Amino acid sequence: MNLLVIESTGKEDSIKRYLGKDWEVFATKGHVRDLPEKSFGLDAKNNFEPNYIIMPDKEQVVKRLREKAKKSNKVYLATDPDREGEAISWHLAYLLGYDKDAVCRVEFNEITRDVILKALEKPRTINQDLVNAQQARRVLDRIVGYKISPILCKKITKNLSAGRVQSVALKLVVDREREILNFKPEEYWTIKAELEKPNEKPTFKALLHSCKGKKVKIANASQKDEIVAKL
């Protein structure tokens, strides 16, 4: 008996029907391991190393998975084909005691017999780059949310949370607004002349740039009149 691990319970029956009696399909219903809810869960002194735990509501799921894995000849991890799915497979492989070189990962983008069977013919190792991308996202969520959410709840209202995307976007908006509010307008003038070469057309416009080698900066009307008089 072989075991195929997926995320969604809604796909179990269809996949089982395609694979036949020699297969069992088991759904994790998403993540089974995560950072703890009631503590920071990151070692700030050790490159923010995450401290993952089995999610309380998934302990029975993990227990059943381990039992089924022990009875199976081969276990394939077919979580969703994205960074998050790759990370879930990585967590499952850890919980099942697999090493990093275990060829246990399969992925498919549609629930059809041919696609699933073809995917099972070419299992691979877990892509650690995709896993690390998801871990970085999760760690940033925790750093921002755990540090900023309590401030929101205290200053504004209860049950507010801050995210890694919204918080940065809000800061960009606030910084730009402060630049606008702090802007101090300065009066300036420019002098233009409409010129033409003798016996040639069309005319062209020229902007006064410098006078006697020095760049011209005209701050008020009297300076403008003085320069025009000299010209």
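Modeller: Asparagine 199 lies in the loop between β8 and β9 (204-207), where helices (H or I, at least four residues) and strands (E, at least two) are DSSP runs numbered from the N terminus. This is a predicted model, in which local features need pLDDT of at least 70 and side-chain atom pairs count only at pLDDT 80 or more, while totals for chains, interfaces and linings use all residues. Residues are numbered from 1 along each chain as its sequence is written, and side-chain values use heavy atoms, with hydrogens and water left out.

Colleague: Why is asparagine 199 called exposed?

Modeller: Exposed means over 50% relative accessible area, buried under 20%, and partly exposed in between (1.4 Å probe, protein chains only). Asparagine 199 has 87% relative accessibility, so it counts as exposed. Asparagine 199 also has a positive phi of about 60°, although it is not a glycine.

Colleague: What makes lysine 29 exposed?

Modeller: Its relative accessible area is 59%, and lysine 29 is therefore exposed. Lysine 29 is placed in the loop between β2 and β3 (33-34). Lysine 29 is not a glycine, yet has a positive phi of about 60°.

Colleague: Why does threonine 190 count as partly exposed?

Modeller: Threonine 190 has a relative accessibility of 48%, and therefore counts as partly exposed. Its place is in the loop between α6 and β8 (192-195). Threonine 190 and leucine 172 are 18 residues apart along the chain, and their C-alpha atoms are separated by 34 Å.

Colleague: How many disulfides does the structure hold?

Modeller: The structure holds zero disulfides; a disulfide is a pair of cysteine sulfur atoms within 2.5 Å. As for the cysteines, cysteine 104 has a relative accessible area of 3% and is therefore buried. Cysteine 153, at 28%, is partly exposed.

Colleague: What is the strand order of the open sheet of three strands?

Modeller: The order is β2-β1-β7, with parallel pairing; two strands pair if DSSP finds at least two bridges between them. β2 (23-27) and β7 (74-77) each have a single partner strand, so they stand at the edges, with one side of each left without a neighbour in the sheet. Neighbouring strands of this sheet are turned by 20° against each other on average, direction ignored. Strand β1 (residues 2-6) pairs with β7 over four bridges in the parallel sense, and leucine 3 stands opposite valine 75 in β7.

Colleague: Which helix lies across β1, β2 and β7?

Modeller: Helix α2 (residues 59-70) lies across these strands and runs at about 165° to β2. Axes are lines fitted to C-alpha atoms, for helices over the stretch in contact (heavy atoms within 4.5 Å), and angles run from 0 to 180 degrees between N-to-C directions.

Colleague: Where does α5 bend?

Modeller: α5 bends by about 30° at isoleucine 148, and proline 150 follows within four residues. The bend at a residue is the angle between axes fitted to the seven residues ending there and the seven starting there. The buried residues of α5 include Val131, Gln134 and Val139, and their cover includes α3 (83-95) and α6 (164-182). Alanine 133, also in helix α5, has 32% relative accessibility and so counts as partly exposed.
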